[in-house]
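Dear colleague,

The structure I promised is below. My notes on it follow.

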Amino acid sequence: MKKIFTLIVIINFIGIMIACGTGTRETTMLNNSIEKDRLEIIKEKGVITVAGPPKEIPFFFINPETNKADGIDADIITEIARRLGISKVEIKEATFANLLEKFNSDDSIDIAVGGIFITPESEKLVAFTKPLYKESEAVIVPKFSKINFMNDLKNAVVGVEKGTIFEDLGKKWRENNLIKELVILDSTTELFNDIRDGKIDAGLADSIIINYYLLKEKDPLIRRLKDYTPELQGVMGIAVKKNDISLLDALNKTINDMKADGILYSILVENGLDKNNKIGN
């Protein structure tokens, strides 16, 4: 009789444990089903948080007069946010070299911008929207430099910004003895300053940045290398975390709409770009 009673108790205990386990699983499934994705959270808060380099002119920078984000990518993000019904764009600063690393390590950041090339290497780290615009590299030298052609760089010290695709191109030049030495710098601003100060003989940089500088400066102390043919042709995009599918889809739809109605191209033109930088649908 004791054995029968013990068996009944054990069976009842097992039944209770199974029921508890089922309830836990059902609760977990329920919680997972009602968990909101990033796009929903952004729209509820009315705020999208953007990581970007604070001095990456003209792509993305903090305007000292307004203390707000300015530049090509900033204008594009502002228009996207408006169309998605998002009232505020919040900025988190990050150096360009560490931009994607900071983006992936900080879950409070929704997207990242700042003249980011879409490359196989960067696509391993993040997802990208459809391309916004395209560009290539340029070689710059002091205004009165005797360096005029690519062959003249063989005895030159050339600077390049860390973390850009131009760094890899510069390293290839150095390996092939096309330049004397390659200096890796933290920013394009430092690149310009070092050319002005005579610390380096030439610079390898983003053509859009060079065009912007030459357009804004009344008496530029630098100039483009004559008859240089670019080796790279890159496209820019907005970085999104790989699991934020609905956010990526919403951004892509808005970008397509902006291309269709001409607003994206008008933003490019307002920032000194032209049809050579335009990307079709």
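Gln233 is found in the loop between strand S13 (222–224) and strand S14 (234–236); strands here are DSSP runs of E, at least two residues long, numbered from the N terminus. The model is predicted, so local features need pLDDT of at least 70 and side-chain atom pairs pLDDT 80 or more, while totals for chains, interfaces and linings use all residues. Residues are numbered from 1 along each chain as its sequence is written, and side-chain values use heavy atoms, without hydrogens and water.

Gln233 counts as exposed because its relative accessibility is 58%, the threshold being over 50% (1.4 Å probe, protein chains only). Beyond its neighbours within four places in sequence, Gln233 is in contact with Lys134, Glu135 and Ser136 (contact: heavy atoms within 4.5 Å). A polar atom of the Gln233 side chain lies 3.1 Å from the backbone oxygen of Glu135.

Asp206 sits in strand S12 (residues 202–206). Asp206 is buried (under 20% relative accessible area) and has no salt bridge (a side-chain nitrogen of Lys or Arg within 4 Å of a carboxyl oxygen of Asp or Glu). Arg224, the nearest side chain of opposite charge, is 8.1 Å away. The Asp206 side chain does reach the backbone nitrogen of Ile208, at 2.9 Å.

Regards

Definitions and conventions:
Helix = DSSP H or I, 4+ residues; strand = E, 2+ residues; numbered from the N terminus. Lys, Arg positive; Asp, Glu negative; His and termini not counted. Polar contact = N/O pair within 3.5 Å; in protein donor to acceptor, adjacent residues only side chain to side chain.
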